[in-house]
Amino acid sequence: MIKLRPILLAHGGAGLRRLSPAQAACLAAALETGYDVLNRGGPALDAVETTIRALEASGLFNAGLGSRRQLDGVARMDASLMDGRDLRAGAVASVEDILHPIAAARLVMMHTDHVLLAGVHATRLAKHFGLDRRPKTPGRRRLTKARPSGAMLRLHRAMVRGAMRGRERHGRETVGAVALDRTGTVAAGASTGGIDVMLPGRIGDTPLVGCGIYADNRGGAVSMTGWGESIIRVAAAKGIVDGLAGGDSPAAAARALFKSLVKRISGTAGALVLAPDGRFAIVHTTPRMAAGFWNGTGRPTVRDRFP
């Protein structure tokens, strides 16, 4: 068996914001932590989960500790993981009070026959296995009742219109990772607290296998970020992996999908794209994308713009 040189990519979201020094340092540290798993011969799936856990715990991104609140003042989080060797996947949606939603997604993968658990039942599973709790933080004033009343719907629509006028519809600091291990197996994962103008119960692309993430050793691994609704409508992650399987380079596969995303539905997105032979690309339609990569030599590369 030919042993490949492992590689790990991570992102902290795509949008308008510049990558802060603290976020850059956190991404670099997360890459180092995750790559240590690969360097010791560990599987890609473990490296992806370890990297994302570090980002969730930082409070610097819209995931885990740093998750934003929905319009009723409650933080609800989504996450997913996928292994390219046997297409195993696990995901959670709208979980509350958990520090590491990515670990909850791993529980769904390893301890159930399901792929996706949502809401209170996903939260209960995480608590049953003793996952770390998300520390209580002072909540902002609840804007309206939790029930989606007419007032909440009007507020939501007004906020969305304002965001679109201000060109703020881009994703906000969702985190994700893809990895290739020494055996040639790829894996992908993502974790998010959603977007700023969410109705309670809104679920984006992150926990949807084929949309927010996908991994298949026959094609590659992808982790998405950006405007979730547009990513869902084109099944972005699976589309990019299909392009890889058809012979496209990582950059070409992403750009072909993004061309349709932008032209047909005015979507916005960024992607980590990794082929099973180690080729990779970081591609985004947004002005910036906080991301980085490392193959174990030198220092991790981290920046917020990629060609």
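Val-115, Leu-116 and Val-209 form a nonpolar surface patch of about 200 Å². Patch residues have over 30% relative accessible area and no salt bridge, and nonpolar side chains are joined within 5 Å. A salt bridge puts a side-chain nitrogen of Lys or Arg within 4 Å of a carboxyl oxygen of Asp or Glu. Areas are Shrake-Rupley values with a 1.4 Å probe. The model is predicted: local features need pLDDT of at least 70, side-chain atom pairs count only at pLDDT 80 or more, and totals for chains, interfaces and linings use all residues. Numbering runs from 1 along each chain, and side-chain values use heavy atoms, without hydrogens or water.

Leu-116 belongs to strand S4 (residues 116-118). Strands are DSSP runs of E, at least two residues; helices are runs of H or I, at least four. Leu-116 counts as partly exposed because its relative accessibility is 37%; buried means under 20%, exposed over 50%.

Next comes helix H4 (residues 119-128), where Gly-119, Ala-122, Thr-123, Leu-125 and Ala-126 are buried. They cover an arc of only 160° around the axis, so they sit on the same side of H4. The arc is taken from the directions from the axis to the C-beta atoms. His-121, Arg-124 and His-128 are exposed on the other side of H4. The buried residues of H4 pack against strand S3 (89-95), helix H3 (101-111) and S4, with contact meaning heavy atoms within 4.5 Å. Gly-130 follows H4, with a positive phi near 75°.

Now the hairpin. Strand S9 (residues 269-274) pairs antiparallel with S10 over five bridges; pairing takes at least two DSSP bridges. Ala-271 has Val-283 of S10 as its bridge partner. Five residues lie between the strands, and Gly-278 takes a positive phi near 100° in this hairpin. S10 (residues 280-284) is largely enclosed by the rest of the structure, because four of its five residues are buried.

Notes. Patch = residues over 30% accessible without salt bridge, like charges linked within 9 Å, V, L, I, M, F, W, Y side chains within 5 Å. Buried < 20%, exposed > 50% of the residue type's maximum accessible area, 1.4 Å probe, protein only.
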